[in-house]
Amino acid sequence: MKRNMSIQQDHGISWDFMGFTRNVPRVNQVESNIVVGVLDTGIWPESPSFNDEGLDPPPKEWKGTCQISPDFQCNRKIIGAGAYRSENLPKGEVLNPRDSKGHGTHTASIVAGGLVRKASLYGLGFGTARGGVPSARIAVYKICWSDGCYDADILAAFDDAIADGVDIISLSVGGSKPKSYFNDSIAIGAFHAMKHGILTSNSAGNRAPNYSPPQMSLHGKQYPIIHGGDAPNKARGFNASTSRFCVENSVDLSLMRGKILVCDSLLRAATMASFTGAVGIIMQGTRQKDYASSYPLPATYLHIAAANDIQLSSPTESTATILQSNAVKDASAPSVVSFSSRGPNLVTLDILKPDLTAPGVEILAAWSPIAPVSGVVGDSRSVVYNIISGTSMSCPHATAMAVYVKTFHPKWSPAAIKSALMTTAFTMNSKLNTQAEFAYGAGHVNPLKAINPGLVYNASESDYIDMLCGQGYTTAMVRLITHDSSACTSTNTGRVWDLNYPSFALSTTPSESINQFFTRTLTNVELRASIYTATVFAPPSLRITVDPAVLSFNGIGETKSFRLTVQGTVSQAIVSASLVWSDGIHDVRSPIIVYVLNKP
């Protein structure tokens, strides 16, 4: 299940934001028997978030092991751990599950970390840190190292997680370019997990740089300011036209020493590490200021309009200071942050991605104390909780909500759980997110409604194979994914529009006459009999019909099918609509998106 990222938070209460307080109904005994497999950079087992006080021994069905060493021990919270590396280890790294990067510790604690009072990052986000399902167990599969995450290690970790008996997999990892399914280790691993009844929650990806730092300050002390253009590194052949942007090695280190450096561009944290001797950085640019990041020295970011108000009298007379950031409530939340990857799904154009949004901006969670706070080598600060942003943070929020649904419905398939989360999601505002469903999918996850969706769109292994065969995949290609005797024949060549997915997507060309139908099947998950009526919300340019428009269910497990037909023309890049099946109690909503395909 692909997860996109949204919500602008300046504190660690992302669960409360979505109405998921500590007092929500829980099936605690079931929750404590669920094992979340976290495929990431490892874990810091000594973190207070992974204290096992009050937990019973691991579930009897658990088959996993812990890679124990003098440097690493599991407990009743972290019940499995292993490290995976098919290539030679990077210099300085050790083949064990301990997290030296912080990322895996952060994501694991978002899913299932225990309650820790008085957590903060230098006072920011002060409060109680907690995971979404704090009683659940964690199994750690370290697949990522300082030089990246290798396909062979991802697949090996998937195989072991499945064999160990995890219930859900959380994977805050993704590539920068789309791949065919048979070349995509995550798609292959997720397919095999699905075959064994295991849902995989995967992040959508980040496509923008970091800016606007949160935690370091100069404590109110004034320091001289120097503009990068006044300090070119002439010895290296640079002049003011280049040094004003503070590109690497362009500024004379001796001239910036003890001063705040002003740069006419937005810098990456790694670039700042080379500014030895500078006490701070002031940056400017035109990017949105909708999330904050860490830097290895005090820094601030100004929009170009505000930066134009800065007037330097002379390099020797102008002074400034940089104060610590403060937390504020963002009234626009939930909205999709600028760096979050967008659709469409370039591998299968008529399957909508992302599926959902969940909190992922400025999330306070556990951290490895040996990992740089800013992620930059040389940043010697040590913290046990950090605030970072990314779809990597959104993914474990969604994972935890999938676990929460599973605690109420342990026998549900991965597709049923995903359907419940998608069809009950909070709708998002397209005025705040111009890419509409390509930014937020079905909407923002709504866990309390997801445990009682009324109807679900179910799907099985054969449904996905039929879709692949219909997309032109050969038997050989399909077997690279399934690793079994599956074959594409004349009887299982399915249309992509018939995959029983909880959303509808259709690509087209400008002013093309559209006449396309989709088929879907709904499964009743309520004990009682019910009658559902279809309502379509669509703009005038589209005529969307549903046949039949009324579905009657006599009891739990009964299925009914329908056809949705889209007709009309579109001239806009994206046209959004939706289908809602309602029985007066449940509203089962699916997004519909028709978009113009930009062909090269």
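**Before you start**

The model is predicted: local features need pLDDT of at least 70, side-chain atom pairs count only at pLDDT 80 or more, and totals for chains, interfaces and linings use all residues. Residues are numbered from 1 along each chain as its sequence is written, and side-chain values use heavy atoms, with hydrogens and water left out.

**Stop 1: strand S9**

Select residues 168-171, which make up strand S9. Strands (E, at least two residues) and helices (H or I, at least four) are DSSP runs, numbered from the N terminus. Both faces of S9 are covered. Ile168 and Ser170 are buried on one side, Ile169 and Leu171 on the other. Buried means under 20% relative accessible area, exposed means over 50%, and partly exposed lies in between (1.4 Å probe, protein chains only).

Look for Leu39, whose bridge partner in S9 is Leu171.

Next, show S10, residues 199-203. This strand also pairs with S9 in the parallel sense, over four bridges. Here Ile168 has Leu199 as its bridge partner.

**Stop 2: the disulfides**

A disulfide is a covalent bond between the sulfur atoms of two cysteines. Here it is counted as a pair of cysteine sulfur atoms within 2.5 Å. The count comes to four.

Select Cys144 and Cys149, joined with an S to S distance of 2.0 Å. The torsion about their S-S bond is about 110 degrees, so this disulfide is right-handed. Cys144 is buried at 6% relative accessible area, while Cys149 is partly exposed at 31%.

Move to Cys246 and Cys263, with sulfur atoms 2.0 Å apart. This link is left-handed, with -95 degrees about the S-S bond. The pair links distant parts of the chain, 17 residues apart. Cys246 sits in the loop between helices H6 and H7, and Cys263 in the loop between strand S12 and helix H8.

Then pick Cys469 and Cys488, another disulfide at 2.0 Å. Its torsion is about -80 degrees, so it is left-handed. Cys469 lies in helix H14 and Cys488 in the loop between helix H15 and strand S20, so the pair ties together parts 19 residues apart in sequence.

Terms used. Pairing = 2+ DSSP bridges.
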